[in-house]
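My entries follow in the order I looked things up.

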Amino acid sequence: MYLFNTLSREKEEFKPLKENEVRIYTCGMTVQDAPHLGHLRTFIFADVLRRFFEFLGYKVIYIQNFTDIDDKIIQRAKEEKIDWRDIGQRYIDEYFYVSDLMNIKRADAYPKASQFILEMINLIQKLLKKGYAYKTKSGIYFEVEKFKTYGKLSKKKIDELLAGARVEVDEEKKNPLDFALWKSYKENEPYWYAPFGRGRPGWHIECSAMSMHYLGETFDIHIGGEDLIFPHHENEIAQSEAATNKPFVKYFLHNGLLLLKGEKMAKSTKNYFLAKEALREYEPDIIRLFLLKAHYRSPYEFTTERLEEAKSQWQRIKEFFIFAKKGKEAFRFIVPEKIVNALLDDLNTPFALGEIFKMIEEFFKTKDLSLYSLVYSSLKLLGFKLTEKEPLYLTTEDNIENLIKARTIARKNKKYDISDKIRTALNYLGYELRDTNEETIFFKKEEKEVNKEEFKKIVDALKKEIEEQLKEEEFPYLKEILELIKEY
RNA sequence: GGCGGCGUAGCCAAGCAGCUAAGGCGGCGGUCUGCAAAACCGCUAUUCCCGGGUGCAAAUCCCGGCGCCGCCUCCA
């Protein structure tokens, strides 16, 4: 398995610290707002990576945090005049709603920053004791100059950072780049007691404390959006390694950002498309397909046109399952080697999808039912839901089989006016029909509006029409049709 | 200004030195079909932002431009 490591800016062969085990930490959300599609990109990427490791036989320990205490959450709580914890909980709930719908596998733990205050205090004390941190009126700061490899992740140099400095100036800070480990108590703000004074944690320290708590002082993989490289992950490395004298993380993986109108999708600029909104309009698998169509590290522009494109592509996958369903009987979980190899190469999901579409074309040409297993397994490996309800859509909840039978009889007797009326009626119930040589396939189209009255009107008119015809001449097949549609 | 990334057909997107430049969406023409839909066949990049260079060989490596994006402040 080769993965692009931000630390080296190269694809490196993945070697786990412990044989057959991978420990992964993904920077989750700061729960000050609802998840958008940009967040989903990261979590879907992490989800596919994790599933692939499991497929390869690794034991995966996967942790994803919630940062539930920070400036913006406090700010928001003040605005809404509710407890800061309620703000966090609201968006945590929403996160799980979205993530479960998207079929993102649950992490082994979802630590919240506010539950790890003690661990953070211990870390800060260690840093104070070792001389990496110092105290001012406004809090405890990490002294960047003391950590000689500061900047090794983002490839930034301290003096260059200072040159561009947009960092807020604090008179007491030794260096504008020094970052807060702990913020001193302020009125009307949540606080905790600590040996070095009451207050609350700064940003960055929670991820060090939580990741090390679950995964140890050195672990395999740390995932996050590209925008977290600096300062967040750089600072995590500094404070963690300064405290432990051990390498913090072996592989840092960062995904490219999702853009909207040419700009980064972000909460702060209100330039975003909410995940729950996308899920109102599109099946989760379509959104997953949209996200996996581009390599995880590329910048990727979101437009509704592209979601529509993913929807068309998904339709082809559905067609495959409609016609290949008999292959299910001999199902075996097998993923083609080409797809495994593509994923082994820095998780090349676009290539893997290309191979899936090739198999689908192959199926339509050859009708080789063994392709069912290959396509199904590959899609499952990529985390697609593929529930019965979605790609197969052969629901019979409305019990329409007799109508289909009646229509078949009508077609056999070339009574196309009758068969077309039945088809139109069924369209009003939301069904689409497909005539093949052997049978008529029907499936429910979720976007079609159901109009039961119209359906009834057409069926009733049809019944009358047939009754009239029967008065003039006794066609046995007409009787049969009437018998079949009587119940509707 | 500094650091990083990207620029491949109408659109999206793989490929990152050597088989005819994957795959999808869209479009056009055809086959099949009562109709519809789906599917299938064919066409839709002699060329990979531009200009140089190094190789027997470059979309792929190097240099110089141009354009877009990200980070340097909170951010997946």
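This is a predicted model: local features need pLDDT of at least 70, side-chain atom pairs count only at pLDDT 80 or more; totals for chains, interfaces and linings use all residues.

Residues are numbered from 1 along each chain as its sequence is written, chains are lettered from A and ligands numbered from 1 in the order written, and side-chain values use heavy atoms, leaving out hydrogens and water.

**The RNA side**

I checked which element gives the most to the surface near RNA strand B, and helix α12 (residues 349–366) does, with 8 residues. Helices here are DSSP runs of H or I of at least four residues, strands are E runs of at least two, and both are numbered from the N terminus.

By class I noted 20 nonpolar, 20 polar and 25 charged residues on that surface. The nonpolar class is Ala, Val, Leu, Ile, Met, Phe, Trp, Tyr, Cys and Pro, the charged one is Asp, Glu, Lys and Arg, and the others, Gly among them, are polar.

Then I looked up polar contacts (N or O pairs within 3.5 Å; within protein, one atom must be able to donate a hydrogen and the other to accept it, and residues adjacent in sequence count only if both atoms are side-chain atoms). The side chain of T42 has an N or O atom 3.1 Å from a base nitrogen of RNA strand B. K264 reaches a phosphate oxygen instead, at 2.4 Å from a polar side-chain atom.

**Between the domains**

Chain A splits into domain 1 (2–264), domain 2 (282–392) and domain 3 (401–485), with bounds from an automatic or database domain assignment.

Domain 1 and domain 2 bury about 2,600 Å² between them, 66% of it on carbon and sulfur atoms; this is accessible area (1.4 Å probe) lost on putting the two parts together, summed over both. On the domain 1 side, R41, V48 and F52 lose the most area, together 22% of what that side buries.

I also counted 2 salt bridges between these domains, a salt bridge being a Lys or Arg side-chain nitrogen within 4 Å of an Asp or Glu carboxyl oxygen. D345 pairs with K11 in a salt bridge, the closest N and O atoms 2.9 Å apart.
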